[in-house]
Amino acid sequence: MTMTHGATRSGQTSEKRGMNLTLRIWRQKDPSVKGKMVTYKVTDISPDMSFLEMLDVLNEQLITNGEDPVAFDHDCREGICGMCGVMINGQAHGPQQTTTCQLHMRSFRNGDTIDIEPWRAAAFPVIKDLAVDRRAFDRIIQAGGYITAPTGTAPEAHSTPVPKKDSDAAFDAATCIGCGACVAACPNASSMLFTAAKVTHLGLLPQGQPERNDRVVNMVAQQDAEGFGGCTNIGECSAACPKGISMETISRLNHDLLGALRAGVRPKS
Ligand code: SF4
Ligand code: FES
């Protein structure tokens, strides 16, 4: 049996109808004023739109009406840069284990009410609406998330052999995009999974050995100084992480940290 384009066996159109949604969004003009949830309606939202495209539709609507558009962070919109991220119905990045930019509206139903809030953590203060200041992550990296390597021509890859299991584990840890969902999901607002991903990535490779002890001690001291909470092994971080960074990286960090402290390494003042 042949069917004409757009028709199903029951004769109904196969075109998915747009969704009508109620959005309750955190609006906060700047860090000095109190924020509040504001309700908006959007109509005819395609299930194939990304969550950010749905917010674009809302913002076009607001701009047309002469209202202030909702501020939110984004860049690549491909799950690579780590810029996007909001709490959606209380979950970091929403109901799928992916980035907000890669979440599609087919994860919701017509008529849904969706709560959208910024990451909640003292170390990530709100800049405006859904955009938060995540420079605390940059400072943790500056404290030790690097290697000292000569610059110049790239060395021949085979000159530094790395066991396959180590390179695989290092690569898995290196997929962290620094989005901050782990902090937002953690009841303690701990940045341990982020820091552990960086410590693991570099600590498993020969190139990361010279600074290994200093790195872990200084990065952990910096995350404490930034006001992130302590890790109590709840695991919400890993469950929310769009890159599936495992809790095993935290065990590796703790192992390295104990070793470094026993060796007498102390944070730079
Ligand atoms: S560990 Fe995962 S959730 Fe945390 S910053 Fe990295 S990618 Fe984002
Ligand atoms: S916008 Fe780059 S990861 Fe979402």
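1. Helices (H or I, at least four residues) and strands (E, at least two) are taken here as DSSP runs, numbered from the N terminus. By that assignment the chain has eight helices and seven strands. The structure is a predicted model, in which local features need pLDDT of at least 70 and side-chain atom pairs count only at pLDDT 80 or more, while totals for chains, interfaces and linings use all residues. Residues are numbered from 1 along each chain as its sequence is written, and chains are lettered from A and ligands numbered from 1 in the order in which they are written.

2. Confidence. The pLDDT (the predictor's confidence in each residue, from 0 to 100) averages 93 over the chain, and 94% of the residues score at least 70. Residues 1–14 are a stretch where pLDDT stays under 50. For this stretch the model has six contacts beyond four places in sequence, a contact being a pair of residues whose C-beta atoms, placed from the backbone, lie within 7 Å.

3. Overall dimensions and packing. Taken along the principal axes, the C-alpha atoms of the chain fill a box of roughly 70 × 55 × 40 Å. Of the 269 residues, 35% count as buried. A residue is called buried if 20 or more other C-beta atoms lie within 10 Å of its own, exposed if 12 or fewer, and partly exposed in between, with C-beta atoms placed from the backbone. Among contacts between residues at least 6 apart in sequence, 70% join residues at least 24 apart.

4. The sheet. Five strands form an open sheet of mixed pairing, in the order β2-β1-β5-β3-β4. Because β2 (36–45) and β4 (91–92) stand at the edges with a single partner strand each, one side of each is left without a neighbour in the sheet. Two strands are said to pair if DSSP finds at least two bridges between them. In general, strands of a sheet pair through backbone hydrogen bonds, either parallel or antiparallel.

5. Strand pairings. β1 and β2 pair in the antiparallel sense over eight bridges, and L23 stands opposite Y40 in β2. β1 also pairs with β5 (residues 113–117), here in the parallel sense over four bridges; I25 has I116 of β5 as its bridge partner. β3 and β5 run antiparallel and are joined by two bridges, with M87 opposite E117 in β5. Two bridges likewise join β3 (residues 87–88) to β4, again antiparallel, and the bridge partner of I88 in β4 is Q91.

6. Of the ten residues of β2, the number buried is zero, so the strand lies largely in the open. Helix α1 (residues 51–64) lies across β1 (19–27) and β2, running at about 105 degrees to β2. The axes behind that angle are lines fitted to C-alpha atoms, for helices over the stretch in contact, and angles run from 0 to 180 degrees between N-to-C directions.

7. Backbone geometry to inspect. Most residues other than glycine have a negative phi, and most peptide bonds are trans. D44, in strand β2, has a positive phi near 55 degrees. D44 counts as exposed because it has 10 C-beta neighbours inside 10 Å. R77, in the loop between α1 and β3, has a positive phi near 60 degrees. With 16 C-beta neighbours inside 10 Å, R77 counts as partly exposed.

8. Of the 14 residues around ligand 1, C176, C179, A181, C182 and C241 come nearest; a residue is near a molecule if its C-beta atom, placed from the backbone, lies within 6 Å of it. The elements giving two or more residues to this shell are α4 (181–185) and α5 (192–203). The largest share, three residues, comes from α5. The shell divides into eleven nonpolar, two polar and one charged residue, where Ala, Val, Leu, Ile, Met, Phe, Trp, Tyr, Cys and Pro count as nonpolar, Asp, Glu, Lys and Arg as charged, and the others, Gly among them, as polar.

9. F171 belongs to helix α3 (residues 164–174) and is exposed, with 12 other C-beta atoms within 10 Å. The C-alpha atoms of F171 and L202, 31 residues apart along the chain, are separated by 9.6 Å. D224, found in helix α6 (residues 212–225), counts as partly exposed with 13 C-beta neighbours inside 10 Å. Between the C-alpha atoms of D224 and S190, which are 34 residues apart along the chain, the separation is 9.1 Å.

Technical notes. Contact = placed C-beta atoms within 7 Å.
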